[in-house]
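Have a look at the sequence and the model first, then read on.

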Amino acid sequence: ECPECGHRYESNWWGSFDLPEFCTGTYTQSRIDTAKKVSKLFAESILNDENNNRLGVIGFAGFWGGQNDPSALRATENLTDNLNDVEAAIDDMYASGGTNYTAALDQAYDWLNAREGAERDRPAFVVFISDGSPGSDGGDYRNTNWNGANEATDIKALGPTLYTIGIDLDDTASSYLQGLATSANHYINVTG
């Protein structure tokens with residue numbers, strides 16, 4: 001078995017293995033693992049010794065929907081400049097249940113709105129990464145308990161730029177997530 005991707009090599013009819021010099025399998029990674037990897041790379045680029053940035057993490061899923069869904073916020077770290085704390089929160093994220101855009105974006109709004117003094121004057125950005133469409137089983141684009149539409153509007157009205165990133169979303173989910181971003185230029189769907 002390839003240690004990189006899990007591709008299994010087959011033995012020939014007499015039981016010996018003809019191992020290639022390099023892996024010929026296809027490396028596959030789950031969408032949540034891809035989201036975590038992208039999030040860590042992003043955090044490392046934002047939180048370095050050369051700047052005074054802050055970063056928060058909200059890992060989300062959910063079963064009930066709405067802003068106060070107790071199952072929605074799976075891993076959180078409020079705005080901080082501590083890379084280790086951010087990476088620990090990213091490591092705690094896992095995929096299970098629905099996708100509650102509403103609860104996640106509401107938490108981001110609350111953290112940004114709670115900033116005081118000079119912190120309120122700092123430029124702010126929300127980078128919303130999702131590997132699924134809103135809802136307990138996806139597809140709840142019109143349900144404000146799941147779709148995050150009101151919360152995205154509130155974030156943009158507060159002043160932050162809202163970037164959205166899809167992880168291998170189908171066309172419908174991709175279009176919806178693009179509509180939440182500050183503009184079409186603030187969206188990408190990562191595939192392949």
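Which side chain meets Lys-40 in a salt bridge? That would be Asp-91, with 2.5 Å from N to O. Keep in mind throughout that this is a predicted model.

## Charged pairs

Lys-40 is partly exposed, at a relative accessible area of 25%. Asp-91 is partly exposed too, at 42%. Both values fall in the range between the buried cut-off, under 20%, and the exposed one, over 50%.

The salt bridge count for the model comes to three. Another one brings together the side chains of Arg-54 and Glu-119, at 3.2 Å from N to O. Arg-54 is in the loop between α1 and β1 (55-60), while Glu-119 is in the loop between α3 and β3, so this pair ties together parts that lie 65 residues apart in sequence. Glu-119 also forms a salt bridge with Arg-122, where the closest N and O atoms are 3.7 Å apart. Shared partners therefore join Arg-54, Glu-119 and Arg-122 into one network, given that a salt bridge here needs a nitrogen within 4 Å of a carboxyl oxygen.

How accessible are these network members? Arg-54 counts as partly exposed at 29% relative accessibility, Glu-119 as partly exposed at 26%, and Arg-122 as partly exposed at 23%.

## The sheet and its helix

Now for the strands. Three of them make an open sheet in the order β3-β4-β5, with parallel pairing. The edges belong to β3 (125-130) and β5 (187-190); each has a single partner strand, so one side of each is left without a neighbour in the sheet. On average, neighbouring strands of this sheet are turned by 15 degrees against each other, ignoring direction.

Over how many bridges do β4 and β5 pair? Strand β4 (residues 161-167) pairs with β5 in the parallel sense over four bridges.

## Aromatic rings

Searching the whole structure turns up six aromatic pairs. Phe-60 and Tyr-101 are one of them, an edge-to-face pair at 6.4 Å centre to centre with 85 degrees between the planes. Phe-60 lies in strand β1 and Tyr-101 in helix α3, so the pair ties together parts 41 residues apart in sequence. Both Phe-60 and Tyr-101 are buried.

Tyr-101 has another edge-to-face pair with Phe-128, this one at 5.0 Å centre to centre and 75 degrees between the planes. Here Tyr-101 in helix α3 meets Phe-128 in strand β3, so parts 27 residues apart in sequence are tied together.

Finally, which residues form the aromatic cluster? Phe-60, Tyr-101, Phe-128, Tyr-141 and Tyr-176 form one cluster.

How values were computed: Residues are numbered from 1 along each chain as its sequence is written. This is a predicted model: local features need pLDDT of at least 70, side-chain atom pairs count only at pLDDT 80 or more; totals for chains, interfaces and linings use all residues. Side-chain values use heavy atoms; hydrogens and water are left out. Two strands pair if DSSP finds at least two bridges between them. Helices (H or I, at least four residues) and strands (E, at least two) are DSSP runs, numbered from the N terminus. Axes are lines fitted to C-alpha atoms, for helices over the stretch in contact, and angles run from 0 to 180 degrees between N-to-C directions. Buried means under 20% relative accessible area, exposed over 50%, partly exposed in between (1.4 Å probe, protein chains only). Rings of Phe, Tyr and Trp (its six-membered ring) pair if their centres lie within 6.5 Å; planes under 30 degrees apart count as stacked, over 60 as edge-to-face and the rest as tilted.
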